[in-house]
Each structure stands twice: as C-alpha cells, then as structure tokens.
Amino acid sequence: MRTVIVIAVTLLLAACGSSVRAGDGLDLVAAENVYGNVAAQIGGPHVSVTSLLTSPSADPHLFEPSTASGFAVAHAKVVLQNGLGYDAFMTRLENAAPSRGRVVVTLADVLGIHGTDTNPHLWYDVPKLERIAAAIATALSRSDPTHAVAYRRGLHRFERSLEPLRREVAAIRTRFHGAPVAYTEPVPGYLVAAAGLRNLAPDSFTRPLEDGTEPSASAVSAMSRLVAQRRIRVLLYNAQAASPLTKRLRSAAQNAGIPVVPVTETLPPGVSFQQWQLDQARTLAAALAR
C-alpha cells in the first residue's frame, strides 16, 4: 500500500510541474529548484527533494501553488524558501498545515538580508553560496541527526565543487573590473557586483519590470540610450520573464553590436546548480571579451 501511495503522489506532483525524487529519505520541500538541487547534492540518498518552482520558461512571479504543492509542504520535515517576498506563497502553504516538527529555513534571514527593495535573487551571490549551503546542511542534520556525518561530508563536497565558479568570477573581476553593463531585471545583480562590473541600468527601469509593471517613459528612454549610444559592453537579459519591451531592447542591443547574455531565475533541467552558474559566468566573460 505504501508503494502505491508514493507512486500516486509522485505522479500528482510531476503533473503539477514539481521536481520529485522518490525515495524513503528525509522529505524536503524547496520553493525554488536552485535550493532543491543544492539540498539534493548535500543530502544524497538520505533526502527526498520536492522543488516547487521548476520551469525555466515560466515567470516565477506568476507561480500559483497547487494542491500537490500544499500536500508536499504539509508532509515535509525540512522546508527551504528564499524570503524577501519572492516566494510569499510558501507562508500560506505552511500556515495551512502547521507542524511543530518542521524545520523551515529562510535564506534571506540566514544572510541577514531584509527590505522590500532588496534584490531577492540570492543564489546569484557567489561569495555567499557557502553560507547558504551550510544553512541547508545544518537544517538536514537538525531534522535527521542520524545522518549528520553524511550531511557534513555532502556539504564539504559541495563547497569544493564551487571552486571553478569562484575562479571564473575572480577572473572576470581581474580582467574586466569596472566594465559597464546593464541588465533588464536585477536577476544577475549579485553576480555583476561580485565580478566587479558596473551596472548602468536605472532602477526606475529594472524594478518595475521585476514587479510586473511598466517602467516610465523616461526610464525606458534612459535605458534605450545606453544601448543606442553603446555605453555598455554587455546586456544581461532575463530570458525567463521576457516582455515586448525587453524583447525590443534585446533586438536593439543586437543591432548595435552589443552582446546579449541571457540569464534565468530557475535552474534549467539536466544540470547542477554550480554548472548552471558556471556556464552563465563563462558566457558573460566571453561576451565582455568581444
């Protein structure tokens, strides 16, 4: 009977777009698959991870949790969420199924980052990835102390695997420090800062787009001038939440000979978190070198 139930729940979650790894390990739900992937790497066979935000072609800001999402959270022993309003739906799911034994980790709190105007895309903050991973490992050990040693080993493996990404970001900082770039939304903002680049895109353009509203005409004009006057070396483009406005800006940059680097908010299928971030950093480095 247990096997039948597990299969049924797995099929239900898969149908709703969630990423499920079946098994009898510690049940963990991650609001974003970026954190779910990290948790799976640290926890190995001792955790069963369900990620809610998984589609690299869907706008995360428009996500509406399903009944299956609520079921997963209700039965989770560990919950990982970003905070800063990015995944506010998680609070509703947790309140709908309160559990005194559930360990909830809000990564914004772990990093001490607060404020309504703060960039919520914390997984792009390369210098702080080890703190994020350590918080996840601690939550696993707290909920499942029997496998604490295995979780510590998983954490150390993950930390070592970040070295190529750290080297790539450091190389960009050394070679292109201060180079002017712009992004359509603050998605790669932490990466841009860690790489020592200067973002010239006005907040009056990027913030409304991230909030799902149209920027003012003056903000659009200011952003367009950056491209038309070739004042930037690279345009970083949120390919996951494209709009007619950002598509026009992308085309204008391409026509002006400015390299366009697509970025996404969600981990694409088939790659690890660190490989995804390393690929994006290498693409940025190649674009700056053009």
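Glu163 and Arg167 sit four residues apart in helix 8, so about one helical turn separates them. Helices here are DSSP runs of H or I with at least four residues, strands are E runs of at least two, and both are numbered from the N terminus. The two side chains form a salt bridge whose closest N and O atoms are 3.9 Å apart; the term calls for a side-chain nitrogen of Lys or Arg within 4 Å of a carboxyl oxygen of Asp or Glu. Before going on, a word on the model: it is predicted, so local features need pLDDT of at least 70 and side-chain atom pairs count only at pLDDT 80 or more, while totals for chains, interfaces and linings use all residues. Residues are numbered from 1 along each chain as its sequence is written, and side-chain values use heavy atoms, with hydrogens and water left out.

Glu163 also meets Arg166 in a salt bridge, at 3.0 Å from N to O. Helix 8 spans residues 163–176, and this pair lies three residues apart in it. Glu163 counts as partly exposed because its relative accessibility is 31%, and Arg166 is partly exposed at 27%. For these labels, buried means under 20% relative accessible area, exposed over 50%, and partly exposed in between (1.4 Å probe, protein chains only).

## A pair in helix 10

The structure holds five salt bridges. One of them joins Glu210 to Arg207, with the closest N and O atoms 3.3 Å apart. Both residues lie in helix 10, three residues apart. Glu210 is buried at 7% relative accessible area, whereas Arg207 is partly exposed at 24%.

Strand 4 pairs in parallel with strand 2 (residues 26–32) over three bridges; strands count as paired if DSSP finds at least two bridges between them. Here Leu28 stands opposite Val78. Four bridges join strand 4 to strand 5 (residues 103–106), also in parallel, and there the partner of Val78 is Val103.

On a 1 Å grid over the protein atoms alone, a cavity is a set of points where a 1.4 Å probe fits but cannot get out, and lining residues have an atom within 4 Å of a point.

The lining includes Val34, Tyr35, Trp123, Phe158 and Phe273. Helix 2 (33–43) and helix 6 (129–143) are the elements that each give two or more residues to this lining. By class, the lining has nine nonpolar, no polar and no charged residues; Ala, Val, Leu, Ile, Met, Phe, Trp, Tyr, Cys and Pro count as nonpolar, Asp, Glu, Lys and Arg as charged, and the others, Gly among them, as polar. Helix 2 itself is mostly covered, with nine of its 11 residues buried, among them Val34, Tyr35 and Val38.

How values were computed: 1 Å grid on protein atoms, 1.4 Å probe; cavity = no way out; pocket = protein on both sides within 12 Å on 5 of 7 lines; lining within 4 Å.
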